[in-house]
Amino acid sequence: MKKLFTKEMIIGACVLIALAVLFFGIEYLKGVSVFKPSNYYYAVYDNVEGLEVSAPVTVNGFKIGQVDNVELMYDRPGCVLVSLSLDKQFKIPVNSKALIETSLLGTASVKIDMAAGQSYYAPGDTVPSGKVAGMLDQVSNQILPGVSDLVPKVDSILTNVNALTGNEALLQSFKNIEQLTSTLTVTAANLNAATKTLPATVGAVNGVINTVNGIVADLDSVTSQIAEAPIESTLENFNRISNDLAALTAQLQNPNSTLGALMNDSGLYDNLTKASLSIDSLLVDIRKNPKRYISIKLL
């Protein structure tokens, strides 16, 4: 009986299976969904820099397909034909555009700019194309001209800065600042040394405060004693003494009074002077001649 599967058939089947796996694997790695139905649309560009096969095709940031093929159009020099593989359920309204959008990293994708309307392109139609200004284009078109205008100003500023840094007055100012910094450092060291003696000073101040508190307490005691003293009677005695002194002063000033006569009579003063001189002479004579005045008899 003849074998159903010969060695050659098994080898051939394995080769076919390997080729199929290789094909589907490559398509899978390219991002192509082999088993998902797709519609193909086309777009023509004059520059597809950064756009690669299997680049995503998006609508409002949502992926609805990918770039299936990119080829040069030999019949239209300078133009590139891009084949777009889109989901079969997706329809492109008429007047929509397939715009190439470049990211900051340089990779490009196709963005469908949807137009309003109820009529749609048929699969296989060529969709109007365009390009979205990316971040690098905005930088080159907007920022770089401003930078170019800014360069001469920066150069002028640097020239002025160089002239300023070479000014002797500025250098002297820096030296003065350095000296001031050194002085401040010394002052800070002195302050640190002074703060070390601060506790002893605070203790002395506390002692003075305690002494003052004692003095205040004594003053409180004295004021309380003064408040308790008989001020009214003391004032009455003081007034009476003042009146007596006033009366005595009046008598001394009155020549008709006894005290006034003693104070104002010059004759009385002369007699008293003469009497004191006579008494002095008598005492001198008594010392010289005591027997004349004292008689002593012995029995």
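Two strands pair if DSSP finds at least two bridges between them. Strands here are DSSP runs of E, at least two residues, numbered from the N terminus. Keep that in mind for the sheet.

Ground rules next. This is a predicted model, with residues numbered from 1 along each chain as its sequence is written. Local features need pLDDT of at least 70, side-chain atom pairs count only at pLDDT 80 or more, totals for chains, interfaces and linings use all residues, and side-chain values use heavy atoms, with hydrogens and water left out.

Start at S2. Which residue of S6 is the bridge partner of Val57? Val110. Thr58 has its bridge partner in S6 too, namely Lys111. S2 and S6 pair in the parallel sense, over two bridges.

Val57 also stands opposite Gly65 in S3. S2 and S3 run antiparallel, joined by four bridges. They form a hairpin with two residues between the strands. There, Asn60 takes a positive phi near 55°.

Now the other hairpin, S5 and S6. Six bridges join these antiparallel strands. Ala98 has Ile112 as its bridge partner in S6. Five residues lie between the strands, and Gly106 in the turn has a positive phi of about 100°.

On to the core. A nonpolar core is a set of buried Ala, Val, Leu, Ile, Met, Phe, Trp, Tyr and Cys residues joined through side-chain atoms within 4.5 Å. Buried means under 20% relative accessible area, with a 1.4 Å probe and protein chains only. The largest such core has 23 residues, and Leu51 and Val110 touch the most other members. Strands S1 (38-45), S2 (56-59), S3 (62-73), S4 (79-87), S5 (97-102) and S6 (108-113) each supply at least two of its residues. S4 gives the largest share, four residues.

What does Leu51 contact, leaving aside neighbours within four places in sequence? Val67, Val82, Ile100, Ala108, Ser109 and Val110. Contact means heavy atoms within 4.5 Å.

Last stop, Ser96. Where is Ser96? In the loop between S4 and S5. Ser96 counts as buried because its relative accessibility is 0%. Beyond four places in sequence, Ser96 touches Asp113, Met114, Ala115, Tyr121, Val127 and Pro128.

Conventions:
Buried < 20%, exposed > 50% of the residue type's maximum accessible area, 1.4 Å probe, protein only.
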